Amino acid sequence: MPNLLIIEDDAAFCQMLQKFLTKHGYEVETSFTAPDAKSKFGKTNFDLILTDLRLPDYDGIQLLSDIKEVSPKTQVVVMTGYAEVGTAVNAMKKGAFDYISKPFTPDEIVMILDNALKVEANPTQVATSVVQEIKENSKQKSANPAAEKVDLKSIVKGVSDASKKLEDYIKLVAPTNMSVLITGESGTGKEVTAKAIHDNSKRKDFNFIAVDCGAIPKELATSEFFGHIKGSFTGAVEDKIGNFEAANKGTLFLDEVGNLSYENQIQLLRALQERKIKRVGSTKEIDVDLRIITATNEDLTEAVEKGTFREDLFHRLNEFSIQIPSLEERFEDLMLFAENFLNKANASLDKNVGGFSPEVWEAFQEYHWPGNLRELQNVIKRAVLLTTGDEVQMDALPREVLQPKEREATVENFSKSEFEKDRIIKALKKTNFNKSKAAKLLQVTRKTLYNKINHYNLDL
């Protein structure tokens with residue numbers, strides 16, 4: 001197992017990289033400061049060192065020289081938020097193996113590190129090739145600002161346990177023909193998950209049709225689902241293919257399925273059982289072969305108990321269920337999602353914002369994101385629109401992120417021990433176990449937090 005040292009003053013980003021690379025077969029140590037890093041690479045012969053060039057307490061180029069002086073054979077990959085040719089040249093002259101600018105994707109950093117293990121780099125040769133590559137990329141970026149962006153349709157693969165479990169479920173159920181019921185809070189990405197299931201299924205070469213059941217009037221639902229023929233009702237001026245026909249051989253995704261009327265539920269159940277439909281106004285039956293994926297942020301089991309949702313339809317739709325975790329439950333992935341949305345915003349707004357200021361990252365980490373991924377995406381797109389420099393600054397964030405309201409849960413004021421313990425653990429994880437920040441997030445004093453940690457015997 002290759003051993004790797006990450007030198008990065010952004011603790012959240014550093015620890016995220018550590019977890020990600022550990023899962024990819026690296027033995028990883030971290031340093032948040034140059035003195036600590038020098039102590040570690042002075043005692044340990046690392047196979048690889050990944051270091052930020054812009055450290056607050058030390059010159060990154062000098063640190064690179066220090067590394068090479070102590071351990072000439074250690075491959076060093078440097079990273080920075082500023083893709084400057086001059087900086088790259090200097091880094092390569094000092095013996096860096098490669099150079100990567102933030103934000104970067106997990107796949108990119110893994111590829112570079114894997115290559116660094118395989119190649120005994122010639123510094124001069126590497127410097128020439130990397131500088132040439134940066135120059136070529138600069139030319140392309142000038143001609144097309146979105147040219148360097150990653151595939152925006154790709155799914156962001158998280159490093160948190162919740163994201164890994166979600167990914168495993170998608171891979172497990174996608175190749176089957178089972179109906180899938182996706183549940184989760186609003187804004188968690190239920191349609192993205194449904195599309196991922198379709199894209200990994202045998203039906204991927206056919207249509208993926210997404211329908212928002214909450215936006216369809218009860219009177220038009222039959223026509224929307226099954227189509228109609230010309231003259232079948234007022235306003236039917238021509239034949240129309242319904243969603244079931246459009247999705248034939250592919251996947252039909254019904255979002256907010258709990259909003260369907262009881263009558264529409266009966267029609268949907270019949271179509272799923274018989275795999276045949278009739279257009280409104282027609283007596284001809286049409287065979288359909290499709291997969292159904294549904295989603296809701298409501299509790300359908302409760303709706304079944306109340307009698308507002310048919311039990312037989314529920315079981316038909318719920319052959320396999322997937323609960324989408326909230327953004328809070330996969331908080332370790334916040335940076336990955338933010339960088340992905342930054343790329344999307346840059347591409348759609350024709351801008352080239354390079355990243356987020358440390359203050360913005362801290363605000364992102366302290367906010368609880370009740371709107372989940374949708375809210376994060378909207379906040380970042382707005383911020384990119386307002387940003388005129390290289391980084392998103394605090395003044396580009398909306399008021400609710402800058403001044404988050406106290407959550408309703410805090411009103412309970414630790415009334416239940418298990419709830420209290422869970423909140424403390426979550427707050428500590430969010431703040432990378434910074435007790436001052438955790439106390440601020442929990443809205444208690446440091447002394448109170450220490451007492452609670454001792455009371456619950458939390459092993460930190």
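This is a predicted model: local features need pLDDT of at least 70, side-chain atom pairs count only at pLDDT 80 or more; totals for chains, interfaces and linings use all residues.
Trainee: Why do the side chains of Arg310 and Asp312 count as a salt bridge?

Mentor: The cut-off is 4 Å between a side-chain nitrogen of Lys or Arg and a carboxyl oxygen of Asp or Glu. In the Arg310 and Asp312 pair, N to O is 2.7 Å. That lies within the cut-off, so the pair is called a salt bridge.

Trainee: How many salt bridges does this rule give?

Mentor: Twelve. Among them is Arg203 with Asp289, whose closest N and O atoms are 2.9 Å apart.

Trainee: What makes Arg203 and Asp289 a link between distant parts of the chain?

Mentor: They are 86 residues apart. Arg203 sits in the loop between α8 and β9, while Asp289 sits in the loop between β14 and β15.

Trainee: Is Arg203 buried or exposed, and why?

Mentor: Buried means under 20% relative accessible area. Arg203 has 9%, so it counts as buried.

Trainee: What makes Lys240 and Glu224 a salt bridge?

Mentor: Their side chains come to 2.7 Å, N to O. Lys240 is in strand β11 and Glu224 in helix α9, so the pair ties together parts that are 16 residues apart in sequence. Lys240 is partly exposed at 26% relative accessibility. Glu224 is partly exposed too, with a relative accessible area of 26%.

Trainee: Why is Asp52 called buried?

Mentor: Its relative accessible area is 5%. The limit is 20%, so Asp52 is buried. Asp52 is found in strand β3, residues 48-52. An unreviewed UniProt entry annotates Asp52 as "modified residue: 4-aspartylphosphate".

Trainee: Why are β9 and β16 said to stand at the edges of their sheet?

Mentor: The open sheet has five strands, in the order β9-β12-β15-β8-β16, with parallel pairing. β9 and β16 each have a single partner strand, so one side of each is left without a neighbour in the sheet. On average, neighbouring strands are turned by 20° against each other, direction ignored.

Trainee: How do you know that β9 and β12 pair?

Mentor: Pairing takes at least two bridges. β9 and β12 have five, in the parallel sense, so they pair. Asp212 has Asp255 in β12 as its bridge partner.

Trainee: Which strands does α8 touch as it packs on the sheet?

Mentor: It touches β8, β9, β12, β15 and β16. The direction of α8 makes about 150° with that of β8. Helix α7 lies across β8, β15 and β16, running at about 160° to β16.

Terms used
Residues are numbered from 1 along each chain as its sequence is written. Side-chain values use heavy atoms; hydrogens and water are left out. UniProt positions are given in the numbering used here, feature names are shortened, and annotations may be inferred rather than shown by experiment. Helices (H or I, at least four residues) and strands (E, at least two) are DSSP runs, numbered from the N terminus. Buried means under 20% relative accessible area, exposed over 50%, partly exposed in between (1.4 Å probe, protein chains only). Axes are lines fitted to C-alpha atoms, for helices over the stretch in contact, and angles run from 0 to 180 degrees between N-to-C directions. Contact means heavy atoms within 4.5 Å.
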